[in-house]
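Welcome! Please take a moment to look over the sequence and the structure before trying the exercises.

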Amino acid sequence: MEFFCYHRDRSGSLPLRHEKLEEHWSYMDRYAKEMIARGPTFADDGETPTGSVHILDLPDPAAARAFAFDEPNYQCGVYRDVLLLRWRNTLGRTMWEFPGGRTGGNRYLVLGLGTGQDAADPAAPPDRDELIAYGPLLSDDAAARLGTAALVRAPDPDTARAVLASARYADVEVHTWRFGGRPS
């Protein structure tokens, strides 16, 4: 089962985030085989972290909750909240298989949130070249579509937002995002 996990930073938690960086990476190393995508989101300045995205393939919702809430940054108070939902990997690949590579261009997390069966685009857009990850956000039993999450390379936030059919969602969020993981 695939899960989308977005930990959003608590205001003023940057020093604590830096202090816990090695613990965070060590924790994520334990999930390397399960990772579909990962990486931090940033404020408009492109430098101040605002959250952390992890998309994983885990056995069940209980394992996903354990992943999200045992995470060291969550445990010490870096994060203010967690969005944790089932997800379906529409592209069938990991971010490391993205043909555009790890660098070059601007990268964004685009979240379309809503309720009901129309709260997700039924399929990925036809031009997939700029999609790093894409899929519907689902309830634990996968019966209800709650939105869509996409990681996309785009020239600007408005172009990234256009990946989703905005009329389907109560809200569309766009966050600057980067490929995550330990520096090589």
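Predicted model: local features only at pLDDT ≥ 70, side-chain atom pairs only at ≥ 80, totals over all residues.

Residues are numbered from 1 along each chain as its sequence is written, and side-chain values use heavy atoms, with hydrogens and water left out.

**Exercise 1.** Find where S52 is located and decide whether S52 is buried or exposed.

*Solution.* Start with the strand: S52 lies in β3, residues 49–57. (Strands are DSSP runs of E, at least two residues, numbered from the N terminus.) Next, S52 has a relative accessible area of 4%, so it is buried; buried means under 20%, exposed over 50%, and partly exposed in between, with a 1.4 Å probe and protein chains only. Finally, beyond its neighbours within four places in sequence, the contacts of S52 (heavy atoms within 4.5 Å) include C5, H24 and Y79.

**Exercise 2.** Work out how many disulfides the structure holds.

*Solution.* A disulfide is a pair of cysteine sulfur atoms within 2.5 Å. The count is 0. For C5, the nearest cysteine sulfur belongs to C76, 15 Å away. C5 is buried, at 0% relative accessibility, while C76 is partly exposed, at 26%.

**Exercise 3.** Trace the strand pairings of β4 with β1 and β6.

*Solution.* Strands pair if DSSP finds at least two bridges between them. First, β1 (residues 2–9) and β4 (residues 79–87) run antiparallel, joined by 8 bridges. Here C5 sits opposite L84 of β4. Then β4 pairs with β6 (residues 131–138), also antiparallel, over 2 bridges, and W87 has L137 in β6 as its bridge partner.

Terms used
Helix = DSSP H or I, 4+ residues; strand = E, 2+ residues; numbered from the N terminus.
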